[in-house]
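Keep the terms defined and the numbers in view.

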There are 2 protein chains.
Amino acid sequence: MNVMNFILASASPRRQMLLRQIGIEATIIKPDGFVEKTQIDGSIKALVRFNALGKATFVQQQVSAADVLIAADTIVAFEGKILGKPQNRIKAQEMLECLAGKMHHVITCLVVMYKGQTEVACVTTEVYFRSLTASEIEDYLAAGESMDKAGAYGIQGQGAILVEKINGCYNNVVGLPLTCLYKMLNKLEVK
Amino acid sequence: MNVMNFILASASPRRQMLLRQIGIEATIIKPDGFVEKTQIDGSIKALVRFNALGKATFVQQQVSAADVLIAADTIVAFEGKILGKPQNRIKAQEMLECLAGKMHHVITCLVVMYKGQTEVACVTTEVYFRSLTASEIEDYLAAGESMDKAGAYGIQGQGAILVEKINGCYNNVVGLPLTCLYKMLNKLEVK
């Protein structure tokens, strides 16, 4: 068995940690030259697909075809609207008020490139927030987790107590749907 | 605001980690003198309740009433049958074969005692395993995660890729339903 070289085309250390959880040690190459879109003509899935493929294609130029290249883009969508990373505390507060007591979707598009083949898959998880009081939202904002996260929360941190339940893949909400990734790697005969 | 003293009546370092995730630093006191039941007349919920209350009551004698005492018991149930921690590798393999391609329940009973009050709550999560080949089960057993875990898997480890999706609280499957715990602490006016 050859030892595979895994490349993660993402700026997210959270995704690197998730890969480590299933025994994959990946090198991060940030797709810095690729400009993500935040809106697109067409569906939300078309947008995450565009961004994930864009990251993968950009980093592909810097790696070998024998490397396993993994890219992902995750979007939080509420009633058809995209919630990105909040620009400031007020935007973060508005997002949490919007999500409180309701269900939203977390959608990730995964791209795996290996030996000239490309696999693309999309995973959606339903996340149900519990009702939140104004002071609970204040407390959460004070915890300082919101600013670098789409939807202004992190389910893997103190944001766990904002969530009543999920329906779907948990690691998708953290940022990388591991079971889907495993299946894609299997299909490409990686490992 | 007084600084609360949290006691976790559990031998599980995983539960202590989950408390840390939501900012609670708890001292572990193992309920060593309490003998857990593995079967009971009545429902599975009656059994987890018996065990969680037993752990709490046992440790209660060693702490102050001003301490916040948290106890929990988690059970994996498949088609009405309880799957405990496997005694050996063959039992672990049998459990994983049993769960593959099917849905099972993870049930936790939480007990919180504070200033003479006792709160008890039960949380159930549906866990859907994907189909597993014999060699996938072999690989997972070789990863060495199975032996100390009810149902022979850990969703927070490499076991993540055994799970297709969940419906309910993720942290319940890890061992401590954080949102439910938060609500109970709120009700008891802790913090």
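## Chain A against chain B

Two salt bridges are counted between chain A and chain B. A salt bridge here is a side-chain nitrogen of Lys or Arg within 4 Å of a carboxyl oxygen of Asp or Glu. One of them joins the side chains of B:Glu164 and A:Lys183, at 2.8 Å from N to O. Polar contacts between chain A and chain B come to 18 residue pairs, both residues at pLDDT 80 or more. A polar contact is a pair of N or O atoms within 3.5 Å; within protein, one must be able to donate a hydrogen and the other to accept it, and residues adjacent in sequence count only if both atoms are side-chain atoms.

This is a predicted model: local features need pLDDT of at least 70, side-chain atom pairs count only at pLDDT 80 or more, and totals for chains, interfaces and linings use all residues. Residues are numbered from 1 along each chain as its sequence is written, chains are lettered from A and ligands numbered from 1 in the order in which they are written, and side-chain values use heavy atoms, with hydrogens and water left out.

The side of chain A that touches chain B draws two or more residues from each of the elements tabulated here. Helices (H or I, at least four residues) and strands (E, at least two) are DSSP runs, numbered from the N terminus.

| Element of chain A | Residues |
|---|---|
| strand 7 | residues 163-168 |
| helix 5 | residues 170-174 |
| helix 6 | residues 178-187 |

Strand 7 of chain A gives the largest share of that side, six residues. By type, the side of chain A that touches chain B holds ten nonpolar, ten polar and five charged residues. Ala, Val, Leu, Ile, Met, Phe, Trp, Tyr, Cys and Pro count as nonpolar, Asp, Glu, Lys and Arg as charged, and the others, Gly among them, as polar.

The contact (heavy atoms within 4.5 Å) takes 25 residues from chain A and 25 residues from chain B. Together the chains bury about 2100 Å², with 52% of it on carbon and sulfur atoms. Buried area is the accessible area (1.4 Å probe) that two parts lose on being put together, summed over both.

## Strands and symmetry

Strand 7 of chain A runs antiparallel to strand 7 of chain B, joined by three bridges. Strands pair if DSSP finds at least two bridges between them. A:Ile166 stands opposite B:Gly168, and A:Gly168 has B:Ile166 as its bridge partner. Within chain B, four bridges join strand 6 (residues 117-129) to strand 7, again antiparallel.

How is chain A superposed on chain B? A rotation of 180° does it, with 0.0 Å of shift along the axis and an RMSD of 0.0 Å. That is a two-fold axis relation. The superposition is by least squares on the C-alpha atoms of residues with pLDDT of at least 70 in both copies. In chain A, A:Asn167 comes closest to the rotation axis, its C-alpha at 2.2 Å.
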